[in-house]
Amino acid sequence: MDFNYNLYAILLLIFGSITISLAFFIIRKGGNAVKWFSLMMLSNGLWSIAYGFELASSTLPQILQIINIEYLGIAGLPLFWFLFCLNFSDKECWYHKPFNLFILLLGPLATLLLVWTNPYHHLYYTSYKINTEGPFPLFEFTPGLFYVFFIIYFYLLLASGCYLIFIKFGTSDPIFKKQNYSLIIAAAIPWLANVLYLLGIRPFGHLDLTPFAFIITSLLIFFGIYRYKLFDIIPIAREKVLELMQDGFIVLDNEYRVIDYNKAIHKFIAPEDQKKLIGSTIHQLFPRQQSFLQMIAKHVSGTIEFENEQAGNRQYLQADIIFLNESKINHNFSIIKLQDLTIYKREAILNKTQAGELQKLNQLKDRIFSIIAHDLRGPLVNLSEVLKMTSSGQISNEEFKDLSPTLNKDIIYTTDLLENILHWSRSQLRGYGLKKEYFNLRNLIINEIDYHLPAAYLKKINIIHDVFPNEMVYADILMVQITIRNIINNAIKFCLEDCEINITARYDKNNRMLICIADNGVGIPQKTLKRLFKEENVSTRGTSNEKGTGLGLMICKDFIQRNEGQIWVESKQGEGASFYITLPIAPPHGEQVNSRPQG
């Protein structure tokens, strides 16, 4: 074949080759819509290249041979365009019906047959010749009946495809208007070029500008693929009711980028990310939720709960993840629904906490009743029996005197136990409130020392205090008194003869009063030390076989914590024990003061 290349032929050959290359490039993006679009570009490229060779030919037989090849692209282009629009609009089920598919294929197959056999019947081209009036030879023809039919078929498919696109965009979100405009403009250009050619408005003589127009269309759509993410971030049609829902919805493409969302999602996204949601990856929006992100990365549909920090507030979220492959364009996409469970979670945590506290309270009550039934009843029964035996003469006065120390210990134990139970029970009554006030700590400690001097004297224990006069604290005086009384009582209980108990009070680094009650007695074993203050009934015999109630330290902890303080113990077995108490010296900001400081 002999060719004389001109500018138009060269442009068609170049851009036709580019179009075919782009068709093979984007077909890898997957999805039926992309495949049909690639075939449309391939048909356009074949038409352009063949038409380029036609413009470079100067003999009629050569032009006719090239036209036969050219129509492979011309006949297939409207078909592939319509199939692309069907898939893009989720209407592909239409051509799955055999009759509809036969109607679609009948047009291009009949056109090819009539073009290739035209010399025998002239139904497509009634007559044709070479026009040499222009700068280069052009194929000039008189259209036949079936040429008119093909034009009608051509425009019918183009119009139907454009209608489907307009319907699709009518239900899409305004955030995709740039993608919409690029496809609408691209679809309008070939229409304009071919209509002008058929109306006889031919600025370049018999030169058909339609293939040039389709090249521009293909390039515009290709530009939309990468500039506006036409196929990666596609318009996902959705009902406007989503905008009224309290749950947040995010649609992700196959690269986990946000392609759609509803307004409720702003509640779960950081303010700096809300301005650029479209195109952001799910990893950028929830960078710390590794379990959630791994579930998405593994394409696992299901439900997951996680905590999310938003503007300093902790949220409890439930994510429902669904993976789909129904876009006909993307390989797959995913829908994530985010539901705020914060209120329900907090209520559940509160209920669980209250249930736990109630269970502990019931267990404690059971222990108290057990103590009352055994430890409180036992000494009283013993005392009653001894008195009966004394009255009946079964026990002499000398024997009663021998039993008196034991009976005295039982009475002291019973008194301490009863006092602790009464104080604790009173504190648990509904409506019982704290009576915080300023009081003189030194005076309270001196009074408690005086109270314990008889017991200390019996074991030859020396109690020393180092508390400055007029040291004031702000707390419930009765609760502090009970706490200090129990700790001094324990110190005496676990001291040997000639031991010392030192009581000091000073300010700590947080400007709170730190009270220390230290003894050099037998100390506390590490195993027992770990169980103190943990609502366990820990009772140990003293150095003189004194019994303990097991309730004192538990009540001390409860009372000190209610007064915004802390209590702890440090001890080594054989080296004594040191109990520490912190108390506020002033009420918290905004708390009403019951009384003014007094010296």
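The following questions and answers concern a predicted model.

Reader: Which residues of the largest nonpolar core touch the most other members?

Author: The largest nonpolar core has 50 residues. Each of α1, α2, α3, α4, β2 and α6 supplies at least two residues of this core. The members that touch the most others are Y71, W81 and Y124.

Reader: Which helix gives the most to this core?

Author: Among the elements that each supply at least two residues of the core are α1 (7-26), α2 (32-55), α3 (60-88) and α4 (98-116). With 15 residues, the one that gives the most is α3.

Reader: How many residues does the second, separate core have?

Author: This second core is separate, and its members include I461, I488, L529 and I567. Its number of residues is 38.

Reader: Is the aromatic pair of Y125 and Y147 stacked or tilted?

Author: The structure holds 26 aromatic pairs, and Y125 and Y147 form one of them, with 6.3 Å centre to centre. Their planes are 40° apart. Planes under 30 degrees apart count as stacked and those over 60 as edge-to-face, so another word applies to an angle between these limits. The pair of Y125 and Y147 is tilted.

Reader: Is W568 buried or partly exposed?

Author: W568 in strand β13 pairs with Y580 in strand β14, and this pair is stacked, at 5.4 Å centre to centre with 15° between the planes. Y580 is buried, with a relative accessible area of 16%. Buried means under 20% and exposed means over 50%. Because its relative accessible area is 31%, W568 is partly exposed.

Reader: Why do the buried residues of α11 line one face of the helix?

Author: Helix α11 (residues 290-297) has F292, L293, M295 and I296 among its residues, and these are buried. Seen down the helix axis, the buried residues line one face because they fall within an arc of 155°.

Reader: Which residue takes a positive phi just after α11?

Author: The place in question comes just after the helix, and the phi there is about 55°. The residue is H299.

Reader: Is V467 buried or exposed?

Author: V467 lies in the loop between β9 (462-466) and β10 (472-476). Not counting residues up to four places away in sequence, V467 touches R442, I445, I503, T504 and A505. Its relative accessibility is 5%, so V467 counts as buried.

Reader: What relative accessible area does S280 have?

Author: S280 is placed in the loop between α9 (271-274) and α10 (282-285). Not counting residues up to four places away in sequence, S280 touches Y256, R257, V258 and L285. S280 is buried, and its relative accessible area is 7%.

Key:
Residues numbered from 1 in each chain as written. Predicted model: local features only at pLDDT ≥ 70, side-chain atom pairs only at ≥ 80, totals over all residues. Heavy atoms only, no water. Helix = DSSP H or I, 4+ residues; strand = E, 2+ residues; numbered from the N terminus. Buried < 20%, exposed > 50% of the residue type's maximum accessible area, 1.4 Å probe, protein only. Contact = heavy atoms within 4.5 Å. Arc of directions from axis to C-beta. Phe/Tyr/Trp six-rings, centres within 6.5 Å; stacked < 30°, edge-to-face > 60°. Core = buried A, V, L, I, M, F, W, Y, C linked by side-chain atoms within 4.5 Å.
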